[in-house]
Amino acid sequence: MQKPPIFNWPLRSIFWPPTLIAKQLTSVLYFNNLVGWNKFPKWLRKHSFRSLPVAAGSIGMGCIGFPAHPAWEVTSACNLCCVHCHVASSKPAKDELTTNEAKRFIDDLAEADEFRMLVYTGGEPLMRPDLLELLYHSRKAGLTNVIATNGTLITEEVAFKLREAGVVGAAVSLDSSQRAIHNYVRRNDNAFDLAMRGIQALKKAGILLQINVTAMEYNFSRLDELIELADSEGSGIMLMYQLLPVGRGSAIEEAALNVNENERLLKSLARKQKNISTIIEPVAAPQYWPYLMEQHSKSNGIWLKLAEQVFHGCAAGRGFVYIKANGDVWPCPFVEINAGNVRETSFQKIWRKGEVFVNLRNRDDTLKGKCGECKYRTICGGCRGRALAYHGDYLAEDPSCFLHSNRC
């Protein structure tokens with residue numbers, strides 16, 4: 001098979017206005033300065049250009065990818081039954097958007113200038129029969145396509161079909177470099193081998209590889225090995241999630257990292273970043289950005305003002321939005337608050353005027369407790385999903401923050 005042409009994405013989404021590229025470059029340069037990234041030149045050569053369609057209009061670095069980052073749970077169906085899944089389902093929901101309803105939603109989303117890409121997730125998005133039809137439709141609407149998958153259903157044939165349908169990046173979930181650990185978390189004895197097959201197929205099709213991992217007690221002691229595996233496989237990005245007690249994760253709450261382990265994780269990521277080319281971005285741990293700044297005495301003055309432009313911490317509702325399979329609109333998969341349904345209200349109206357979105361964008365006035373008082377509320381803001389899970393209030397302080405002990 002021949003690789004489809006590299007310019008298989010809408011140029012306007014990537015290059016206009018030119019300030020988008022400048023902001024993305026500034027965020028990476030600042031990040032490089034903070035972590036002492038020895039492999040930064042390698043990342044520039046291998047991944048910088050190819051990551052532009054995945055970034056697709058982002059204005060910096062933050063939690064769950066980037067601002068201007070919509071993720072759509074196209075189906076709750078999945079071929080696996082993972083112990084930590086926030087969707088907590090294996091079968092398609094009875095009220096999932098039909099093909100026509102889904103296309104109307106895509107068109108509505110594409111009219112919002114800040115959104116230039118769409119993440120197809122699940123469940124397992126490849127379980128949806130009309131996935132390719134929807135991918136072609138969103139590409140025609142001017143969006144670049146990204147798919148978040150467990151990788152087990154991706155053969156070479158599937159990978160090339162995805163590329164032809166406009167998929168420019170694929171986030172494959174991998175919970176360990178150890179076959180037994182990954183298979184235990186995924187509750188399938190073949191999950192690791194099939195995911196690795198999917199990774200090789202995606203690379204052959206020329207789709208930018210991203211590795212997603214959920215840090216928890218089951219894999220915490222061996223995350224360094226997984227980071228090295230992702231780097232050796234040529235992953236341009238790694239999203240380091242943390243287990244939150246939602247969905248099936250609520251049954252294994254004791255496996256979630258505590259505040260001390262959150263601190264250990266972020267410190268180890270900063271050390272590991274120095275000598276790998278993959279960019280690691282924490283999810284549900286927005287304290288990473290102020291921690292890096294404090295380590296280099298850049299937490300005040302012009303450095304703080306610059307950081308407020310390119311680091312965004314928790315992106316829930318501020319640039320990230322999560323659309324459920326039935327059309328409900330949430331700020332984040334871990335902030336389970338429904339702001340409206342695209343069947344009943346236009347997506348743009350929900351996104352721009354929904355109360356939860358307005359509150360999350362106005363951090364200076366709405367955050368409570370130590371998060372509301374913290375000078376880092378712009379570049380961090382605390383994990384809103386963890387605040388909701390542990391306090392029952394998405395605007396409460398983040399109980400996993402280790403910065404407040406003696407810094408803020």
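Contact here means heavy atoms within 4.5 Å. The model shown in these views is predicted.

**View 1. Helix α4 meets helix α5.** The two helices span residues 99-110 and residues 131-140, respectively. Their axes come within 10 Å and cross at roughly 25°. With angles under 35 degrees counted as roughly parallel, α4 is therefore roughly parallel to α5. The crossing is right-handed. On the α4 side, the contact involves Thr 99, Ala 102, Lys 103, Ile 106 and Asp 107. On the α5 side, Glu 133, Leu 134, His 137 and Ser 138 take part. By residue type, the contact of α4 with α5 divides into three nonpolar, three polar and three charged.

**View 2. Gln 348 sits in helix α13.** This helix covers residues 347-353. Is Gln 348 buried or exposed? Its relative accessibility is 17%, so Gln 348 counts as buried. Neighbours within four places in sequence are set aside for the contacts that follow. Gln 348 then touches Asp 108, Glu 111 and Ala 112.

**View 3. Helix α9 has buried residues that pack against helices and strands.** Helix α9 runs over residues 223-232. Buried along α9 are Leu 223, Leu 226, Ile 227, Leu 229, Ala 230 and Asp 231. Which elements do the buried residues of α9 pack against? The helices are α8 (191-204) and α10 (259-273). The strands are β5 (208-215), β6 (237-242) and β7 (279-282).

**View 4. Cys 332 is in no disulfide.** A search of the whole structure finds zero disulfides. For Cys 332, the nearest cysteine sulfur is that of Cys 314, 6.4 Å away. A disulfide needs a pair of cysteine sulfur atoms within 2.5 Å. Cys 332 is also buried, at a relative accessible area of 5%.

**View 5. Cys 380 has Cys 401 as the residue with the closest cysteine sulfur.** How far is the sulfur of Cys 380 from the closest cysteine sulfur? The distance is 5.9 Å, which is too far for a bond. Cys 380 counts as buried, with a relative accessibility of 6%.

Note on methods: Residues numbered from 1 in each chain as written. Predicted model: local features only at pLDDT ≥ 70, side-chain atom pairs only at ≥ 80, totals over all residues. Heavy atoms only, no water. Buried < 20%, exposed > 50% of the residue type's maximum accessible area, 1.4 Å probe, protein only. Axes fitted to C-alpha atoms, helices over the stretch in contact; angles between N-to-C directions. Helix = DSSP H or I, 4+ residues; strand = E, 2+ residues; numbered from the N terminus. Parallel < 35°, antiparallel > 145°, perpendicular 65-115°, else oblique. Left-handed = near helix turned anticlockwise from the far one by under 90°. Nonpolar A, V, L, I, M, F, W, Y, C, P; charged D, E, K, R; others polar.
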